[in-house]
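Here is a walk through one protein model, written for someone who would rather look at side chains than read a methods section. Keep the viewer open as you read.

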Amino acid sequence: MAGEDSEATEGLRRTEAKLADYAAARDLVLREEQPWPGYVPASQQTGPIRHAIWSLAGRFPGGAVGRLRHQAAFGKTFGIDVKQQHTIMVCRIPESVGYVPMLCCRPDQLTSGMYYWGGDQRKRQSQRFESVALERRYLVEVAPGQAQNWIYQLFSPTFIDWLATSPPPDFGFKLDLGVFTCETPQWRGQPGSLTGEVDPAALDLLAETGGRVASRVRDEVLEEADLMGRAAEVDSAEAYAAWANAPKHGRI
């Protein structure tokens, strides 16, 4: 057991070292996260599996400010050698809430539940565009009452063409009350996850793809606010209030 514990700890140390190199090369700030109250650092964890979570924070391609949230786990249990890596991208775009309370774009070929982060069961409204290529690839959903004019401005012909052809096949994103999250769940963010190694190219792909979408949302919001003269006048204020107050899990 002691040898297995040492091997799991070494795997996490190796991951952190590679993330540190990645952060230094791309002007990002690396820090270990404590994702919930009472979280126990890897050095104090017991049991056959050890895990840790880090964030790589900074400015990403397109200008979006956010973080890559990277999780790794190592160890052995029931004869299975665990070596896992998982990365998501998170950005905060609080100025977007009155224009687009919720926007979810998920690959049509994947099971829909994969992109219902946190078991969110609030009712959604399907969003359609005049693009066969986009509709073949993605299911796009918005909060009920979403202003159509603004969402069509966001999904410009150029953005639709890029989204339908360029991102990884399992890329999906969700913007919920100003928090943008994206990932590539089939890859778990790392093509090298089976070997337990950090793949800088995979991190770059997620950062570049997610950064482009987040920046597109931010830029369209800022452009609209500037044209209107004051950001208080938003198209989807009522939809935002209804979405923010709706129960996520359908329980009383």
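Tyr39 has a relative accessible area of 7%, and it counts as buried because that value is under 20%. Keep in mind that this is a predicted model. Trp36 comes out partly exposed, at 44% relative accessibility. That 44% falls between the 20% and 50% cut-offs, so Trp36 is neither buried nor exposed.

How do the rings of Trp36 and Tyr39 sit against each other? They make an edge-to-face aromatic pair, with 5.1 Å from centre to centre and 85° between the planes. The label follows because planes over 60 degrees apart count as edge-to-face. Here are the two partners side by side:

| Residue | Relative accessibility | Class |
|---|---|---|
| Trp36 | 44% | partly exposed |
| Tyr39 | 7% | buried |

The structure has eight aromatic pairs. Elsewhere in the chain, ring pairs tie Phe129, Tyr152, Phe155, Phe159 and Trp162 together into a cluster.

Now zoom out to the fold. The protein has six helices and nine strands. Nine strands make up an open sheet with antiparallel pairing, and if you trace across it the order reads E1-E2-E3-E4-E9-E8-E5-E7-E6. Which strands stand at the edges? Those are E1 (29-32) and E6 (125-126); each has a single partner strand, so one side of each lacks a neighbour in the sheet.

For a look at one pairing inside that sheet, take E5 (residues 102-107) and E7 (residues 138-142), which run antiparallel and are joined by five bridges.

Next up is the second largest pocket, which holds about 160 Å³ of space. Its lining is made up of Thr9, Leu12, Arg13, Glu16, Glu32, Pro41, Ala42, Ser43, Ala52 and Trp54. Sorted by class, that lining has five nonpolar, two polar and three charged residues. Helix H1 (2-25) and strand E2 (49-59) each bring at least two residues to the lining, and H1 gives the most, with four.

Of the 252 residues in the protein, 46% are buried. Among contacts with a separation of 6 or more, 69% are between residues 24 or more positions apart.

Methods: Residues are numbered from 1 along each chain as its sequence is written. This is a predicted model: local features need pLDDT of at least 70, side-chain atom pairs count only at pLDDT 80 or more; totals for chains, interfaces and linings use all residues. Side-chain values use heavy atoms; hydrogens and water are left out. Rings of Phe, Tyr and Trp (its six-membered ring) pair if their centres lie within 6.5 Å; planes under 30 degrees apart count as stacked, over 60 as edge-to-face and the rest as tilted. Buried means under 20% relative accessible area, exposed over 50%, partly exposed in between (1.4 Å probe, protein chains only). On a 1 Å grid over the protein atoms alone, a cavity is a set of points where a 1.4 Å probe fits but cannot get out, and a pocket is an open set with protein on both sides within 12 Å along at least five of seven lines; lining residues have an atom within 4 Å of a point. Grid points are joined across faces, edges and corners, and a volume is the space filled by probe spheres set on the points. Ala, Val, Leu, Ile, Met, Phe, Trp, Tyr, Cys and Pro count as nonpolar, Asp, Glu, Lys and Arg as charged, and the others, Gly among them, as polar. Two strands pair if DSSP finds at least two bridges between them. Contact means heavy atoms within 4.5 Å.
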